[in-house]
Amino acid sequence: MEEIVTQLEMTAADQLNPAPPVDGVTLRAAEPGPLIRELHVRIGTPYRWPSASRSDAGWARWLAEPGRRYRLVEYRGEVAGAADFEPRGSGDVEITTFGLLPEFVGKGLGGYALTLVVADAWTPPGARRVWLHTSTLDHPNALPNYLRRGFRSFSRPA
């Protein structure tokens, strides 16, 4: 299957269409380090994320990015997924990672977890646009979840 990448954006915080709360789902700040790397590998391997096979040097560069903010998605006290986002000086905030660990996929957590991540991505001062990309290699519910939360496509290569 040929990969198709879709870029999505919100241009105002009030465009977020929150999913209903899921009891026990929370978002917690995390520091860059081995746990972030492990989560990327576990979450991304089934979807062929480039981060799942990033070199040690690549990981060192990724984790050294000073502005990137790392988050753990937790479900009833267990790490269920990961997210990170990077505010840019232009007011753009890119969600560079969002995903759930395989054992938490299909349990109805993704919509609310994404709601928490997007709300958090809007908090940096001067944020005026939150964007991300997804691909046809990602979980089949990824794009529909992003669209339900209020993201709109701004570019899709032919």
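Of the contacts between residues at least 6 apart in sequence, 68% join residues at least 24 apart in this chain. The model is predicted.

Four helices and seven strands make up the secondary structure, and along the sequence they follow the pattern β-β-α-α-β-β-β-α-β-α-β. The chain is as compact as a globular protein of its length, because its radius of gyration of 15 Å is close to the 15 Å that the globule rule gives for 158 residues. Taken along the principal axes, the C-alpha atoms fill a box of roughly 40 × 35 × 35 Å.

Values for the whole chain are set out below.

| Property | Value |
|---|---|
| Buried residues | 46% of the 158 residues |
| Accessible surface | about 8,100 Å² |
| Share of accessible surface from carbon and sulfur atoms | 54% |
| Distance between the centres of positive and negative side chains | 2 Å |

The charged side chains number 18 positive and 18 negative.

Which residues have the most contacts inside the largest nonpolar core? They are Ile-95, Phe-98, Val-118, Tyr-146 and Phe-151, in a core of 40 residues. Helix 3, residues 110-121, supplies the largest share of this core, with six residues.

Leaving aside residues up to four places away in sequence, Phe-98 touches Gly-110, Ala-113, Leu-114 and Val-117, among others. The residues that Phe-98 touches also include Trp-49, Ala-82 and Ala-83, as well as Asn-145 and Tyr-146. Tyr-146 is itself one of the residues with the most contacts inside the core.

Conventions
Residues are numbered from 1 along each chain as its sequence is written. This is a predicted model: local features need pLDDT of at least 70, side-chain atom pairs count only at pLDDT 80 or more; totals for chains, interfaces and linings use all residues. Side-chain values use heavy atoms; hydrogens and water are left out. Helices (H or I, at least four residues) and strands (E, at least two) are DSSP runs, numbered from the N terminus. The radius of gyration is taken over C-alpha atoms; the globule rule is 2.2 Å times the number of residues to the power 0.38. Buried means under 20% relative accessible area, exposed over 50%, partly exposed in between (1.4 Å probe, protein chains only). Contact means heavy atoms within 4.5 Å. Accessible areas come from the Shrake-Rupley method with a 1.4 Å probe; for residues, only the protein chains shown count as cover. Lys and Arg count as positive and Asp and Glu as negative; His and the chain ends are not counted. The place of a charge is taken as NZ of Lys, CZ of Arg, CG of Asp or CD of Glu. A nonpolar core is a set of buried Ala, Val, Leu, Ile, Met, Phe, Trp, Tyr and Cys residues joined through side-chain atoms within 4.5 Å.
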